[in-house]
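My notes follow in the order in which I looked things up.

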Amino acid sequence: MIAELGLFSLLLALFFAALLVIIPTVGLYKKKDNWISAAPFYATGQFLFVALAYLCLTFCFLQDDFTVLYVVSNSSLSLPWFYKLCAVWGGHEGSMLLWVAILSVWMLAVCLFSASVDRAFRTRVLVVLGAVSIGFLLFLLITSNPFTRQFQNLNTQGRDLNPLLQDPGFLFHPPMLYMGYVGFSVPFAFAIAALWLGKFEPAWAKWTRPWTLAAWCCLSLGITLGSWWAYRELGWGGWWFWDPVENASFMPWLVGTALLHSLAVSEQRQQFMAWTLLLAITAFSLSLIGTFLVRSGVLTSVHAFAVDPQRGLFILCFLLVVIGGSLLLFALRAHTLQKVINPAPFSRESALLLNNVFLAAAMLTVLMGTVYPLLIDGLGLGKLSVGTPYFNSVFVPLMIPLLLLMGLGIHLKWQQDNVKSIAKRLLPIFIFAVLCPLLVLVVLTDHLDLYCLLGLILALWIIFSTFRLVILRGRQRGWNTFGRAFWGMILAHCGVASTVIGIAVSTAYGVQDDVRMSVGDKATLAGYSVQFISETPINGPNYHGAQAQFLISKAGVEHRIYPEKRIYNVGQMAMTESAIDANFFRDIYVALGEPLDETSWSVRLYFKPFVRWIWGGGVLIFMGGLLAMLDRRYAKVQKPVCNVHAHEVQG
Amino acid sequence: MKKRVWRLLPLMVFTLLVIFLWRGLSLEPQHLPSTQIGHSLPEFQLPQLGTEHVFSTQTVTGKVALLNVWASWCEACIEEQVFLMQLAQQGVLIYGLNYKDDTADATRWLKEWGNPYQAIGEDHRGKVAIDLGVYGAPETFLLDSHGIIRYRHVGILDAKSWQQEFLPRIRQLETA
Amino acid sequence: MPVRFFLTLCLLFSSYHVFANSMYPLASARQQSQFDHLLKELRCLVCQNQDLADSNAGLAKDLRDQVYLMVKDEKSDSEIINYLTARYGDFILFNPPVKSITLLLWYGPLLFLLLGLFIFWRTCLKRTVNE
């Protein structure tokens, strides 16, 4: 019954989405105010029914209703209840329902939190979002119904949730990621609404920026969580694999970052409108393309959902309509929106433009690397693989000029700045940023790693330059004139620097060892003594295995950690639960490999200095974005201004 | 109108991408082509399952035949076994390469699921499989009478792939 | 070409990343770093997005053993790579070789950057010409 209720709710949600698209649109053209202001009601209706459908599916999981095919494939009788909650989005159908649910949440948020946006414009935004929802709801109902029943396999334990997903990190990573991906639909909708309207709303950038920040924050945190989770769960100390699914989340993030910076120019200087629109369309388009890549079987990935070309075809058609339509609209109308003034070569505008050039080049590089095997195969030229070594060797050089620019751009004035005075201000800082890491590395380490030195120079350059800016502004304008947006920028840029430090040091000075150990054996790792103390059998709710105790000691300080090897009862899948002794400056990571004979194991040991700084940086970036979003200028309700600007309607 | 061209660029790039993605739907990225096609079998000598004889390159050369890579730990091989039994009854020569398996387990498995093989070589260490470019089980190689590899099928051998991939090639080999 | 050479040089400089491996003991540090470097260049064919160093698959272990034996035998990088590509094709190499079909892949990023810089130049620097 519950499953049928869920299915019916989805149909009703589709009905409301259709109403949302049709009625206010007719109202806009026929100037019927009632119909225009009905939009939030339809959006709320859609949200309620999608939420109900989601709750129904969750209920089916909690009740172990194995007559629902999706539940029996992703859950088991012995799965702990909190993992059953996660299992709702563990497979393709449920994760698509989560997608639609989160889209509806964002739509509701637009209804509730856009007091400053012009009513008619907001209606257009909601209509666009409604159209996107229709596409996804149709996809769900036609190809990916999570409520399909099955009656063949009733006396079963259930196939269980993939053990890799049975981890607390999994509670947070996908929903956060989806909040980000899906959240970019809002700036997308704002952009399409502007193009649809065909006129330039001067407050457009100010309306759009907080939504972009919200989505970007969620995506930043989602990616950070995913990376941290992979490091903990997967057992080989890696935190980024340039896997197609990871790239699918990274590309929207790169474009989202560019969008944020472009919006800054659009907001302050009313320039770069065309760029901003294009970036807003591209960010969401990449989210959609990412959805396609992961679910269609087109690419090989450890993350990919069950392969189904029919679903792939549906999404592809959807992509064609949504993205193709948006880009066509952009090509036809973008130039009508503003008069273009070329910025001076040495100014904040040009620095931000250059910043976006680098980010866009990085995104295109990642995109090309990800789809290249497909291109080659599609042309019949054979099978090729593009992996981590390729991405690292092309991505890193692109980041170097970007990081340099980060330290410079924040000091530049709008419109025009003076090269000599900037050079005088920043050159000593640059020299300092070069000398410090050089000194530190020479003194503290036994060999100088050039890559690490480069990373540290760039990171310190950003930190010192940012610090200098704070002092300068404080002296010039007073210490209480800093808005939240300014602090947000400082925090986020420092977060980037922290991530760069983490990557540089852990990659260059990390140590890895594969050893054969029996109980009682001792190994040394980077000055630490690692001793295998004991091994005990363990029995969990849905697994059995062995837990080992390791003692990590150095200079009298001792820590005990407990790596495990688990075999999940239902699927007989073996999993390594690695154990980490972590502090602010380094991780000692122990993972059990295979049992080699009766008494010994192959054990993998890692020493990873500063690795936590990578995710710490991600968290700082998230907090910076959050702070910027809460800046007071977005809270003011503004009446639409009668526009007598020179950048007016161009017809 | 040069500006118009710039503005249409994103749309054009996107359309190109969509075309390739569409093509990609009908490809299978996980299946790798064999580099051994057209080459003769690598020389090998393995113990034969259930007898004192040796399973070598000579054993499988002489007539058009299949070399099927299987193991008792491979779940998909069970599905394939039904079809292979049918083929064996039709008179198709099938040789087995028991991949990284244990003799007792393999013997038990054959008793349970049937034995379509003329002879089975035991590749405990997987060395011969590496020489053949095997990367999983099950895989099936089509050999001609001179011991040259003509085709490699990855995954379960079913009626569809038999008709589409194997039969045409077998006919070609037998008429040649 | 010069770009790749420079990058390879940089990677060599920073290859002090120590990968001590007591499961596969080797006579010299040179052999050790050859082994380490090769394992990172080769793809696991079962878990297709992992390299041989990290993968836990059975085939990966077999191939690791094979590479270990060949490194111990003083075979060169290209001999070992040829041995594997003869059996598994170019797909086993993580770094796509620079052939004509991968030209776009390796030079693409540079192209994108140049395109972006061109747009930057047209937007910000041409202005002075127009003034």
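Before looking at any helix pair I wrote down the rule for handedness: a crossing is left-handed if the near helix is turned anticlockwise from the far one by less than a right angle, and right-handed if clockwise. I also noted that this is a predicted model, in which local features need pLDDT of at least 70, side-chain atom pairs count only at pLDDT 80 or more, and totals for chains, interfaces and linings use all residues. Residues are numbered from 1 along each chain as its sequence is written, while chains are lettered from A and ligands numbered from 1 in the order in which they are written.

**Entry 1: a helix pair.** Helices (H or I, at least four residues) and strands (E, at least two) are DSSP runs, numbered from the N terminus. I looked up helix α17 (residues 450–477) of chain A and helix α18 (residues 484–509) of chain A; their axes come within 8 Å and cross at roughly 160°. Axes here are lines fitted to C-alpha atoms, for helices over the stretch in contact, with angles from 0 to 180 degrees between N-to-C directions. That crossing angle makes α17(A) roughly antiparallel to α18(A). The cut-offs are under 35 degrees for roughly parallel, over 145 for roughly antiparallel, 65 to 115 for roughly perpendicular, and oblique for the rest. The crossing of α17(A) past α18(A) is left-handed.

Next I listed residues in contact (C-beta atoms, placed from the backbone, within 7 Å). On the α17(A) side they include Leu456(A) and Ile463(A), and on the α18(A) side Val500(A) and Ala504(A) are among them. The residues of this contact divide into 19 nonpolar, three polar and no charged. Nonpolar means Ala, Val, Leu, Ile, Met, Phe, Trp, Tyr, Cys and Pro; charged means Asp, Glu, Lys and Arg; the others, Gly among them, are polar.

**Entry 2: strands.** Two strands pair if DSSP finds at least two bridges between them. In chain A, strands β4 (residues 543–554) and β6 (residues 564–568) run antiparallel and are joined by five bridges. I found His544(A) bridged to Ile567(A) in β6(A). β6(A) also pairs with strand β7 (residues 573–577) of chain A, in the antiparallel sense over five bridges. There, Tyr568(A) stands opposite Met573(A).

**Entry 3: confidence.** I checked pLDDT, the predictor's confidence in each residue, from 0 to 100. Chain A has a mean of 88, and chain C has a mean of 74. Over residues 1–20 of chain C, pLDDT stays under 50.

Key:
Two residues are in contact if their C-beta atoms, placed from the backbone, lie within 7 Å.
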